[in-house]
Amino acid sequence: TMDKLQILKAWLETFPGWGEADWDVDLTGETPVSCRLTLEDDRVVHRQENILGDSTLAMQVTFSLIRISYGEENPSQWVEDFTQWILQQSEPGNAPKLGEGITRFRTEKGKLEILGDKTVYTVRLLGTYEKIFEVK
């Protein structure tokens with residue numbers, strides 16, 4: 001199975017305004033040529049157990065995304081389109097599944113820097129999903 005980083009990368013590449021990207025998908029490395037995706041946190045935020053001993057865990061996962069582009073026509077519009085796309089994909093349940101049930105994502109702490117013809121967009125992607133453990 002693909003790990004969470006690969007699942008998210010594949011999904012982000014379906015954003016219509018994504019364009020070409022040289023990816024660095026890990027926790028280390030130098031500044032990426034155009035894109036870096038890292039997993040910051042994946043934790044239990046709530047645990048519920050039923051009478052049979054089955055557990056449902058509400059999980060929250062946090063990714064960090066850095067995207068560098070050159071000669072972007074309208075970077076602030078790209079950021080707005082990307083943020084809206086995340087919500088439009090996520091709310092009806094079209095975001096990739098990371099566990100059981102629906103996975104939902106939202107963006108947080110987005111930052112846009114324009115350095116000459118280089119645009120650097122940094123954002124956190126927060127996801128929620130469930131893990132279910134059944135007693136056999």
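The model is predicted, so local features need pLDDT of at least 70 and side-chain atom pairs count only at pLDDT 80 or more, while totals for chains, interfaces and linings use all residues. Residues are numbered from 1 along each chain as its sequence is written, and side-chain values use heavy atoms, with hydrogens and water left out.

The protein has 2 helices and 5 strands; these are DSSP runs, helices being H or I with at least four residues and strands E with at least two, numbered from the N terminus. From the N terminus on, the order of the elements is α-β-β-β-α-β-β. A residue is called buried under 20% relative accessible area, exposed over 50%, and partly exposed in between, with a 1.4 Å probe and protein chains only. On that scale, 36% of the 136 residues are buried. A contact means heavy atoms within 4.5 Å. Among the contacts with a separation of 6 or more, 58% join residues 24 or more positions apart.

Is Thr103 buried or exposed? Thr103 counts as buried because its relative accessibility is 1%. Its side chain reaches the backbone nitrogen of Leu98 at 3.0 Å and the backbone oxygen of Pro96 at 3.5 Å. Leaving aside neighbours within four places in sequence, Thr103 is in contact with Ser90, Ala95, Pro96, Lys97, Leu98, Thr128 and Tyr129.

Lys109 also lies in strand 4. With 62% relative accessibility, Lys109 counts as exposed. Lys109 has a positive phi of about 55°, although it is not a glycine.

Ile114 is likewise placed in strand 4. Ile114 counts as exposed because its relative accessibility is 54%. Beyond its neighbours within four places in sequence, Ile114 is in contact with Pro75 and Thr119. The C-alpha atoms of Ile114 and Glu72 are separated by 9.5 Å, and these two residues are 42 residues apart along the chain.

Pro75 and Thr119 also belong to the lining of the largest cavity, together with Arg67, Ser69, Glu72, Trp78, Val79, Leu112 and Tyr121. On a 1 Å grid over the protein atoms alone, a cavity is a set of points where a 1.4 Å probe fits but cannot get out, and lining residues have an atom within 4 Å of a point. Strand 3 (55-70), helix 2 (75-90) and strand 5 (118-133) each supply at least two residues of its lining, and helix 2 gives the most, with 3 residues.

Asp54 is found in the loop between strand 2 (35-49) and strand 3. Asp54 is buried, with a relative accessible area of 16%. The side chain of Asp54 reaches the backbone nitrogen of Val135 at 2.7 Å. Apart from neighbours within four places in sequence, Asp54 is in contact with Gln48, Glu49, Phe133, Glu134 and Val135.

How values were computed
A polar contact is a pair of N or O atoms within 3.5 Å; within protein, one must be able to donate a hydrogen and the other to accept it, and residues adjacent in sequence count only if both atoms are side-chain atoms. On a 1 Å grid over the protein atoms alone, a cavity is a set of points where a 1.4 Å probe fits but cannot get out, and a pocket is an open set with protein on both sides within 12 Å along at least five of seven lines; lining residues have an atom within 4 Å of a point.
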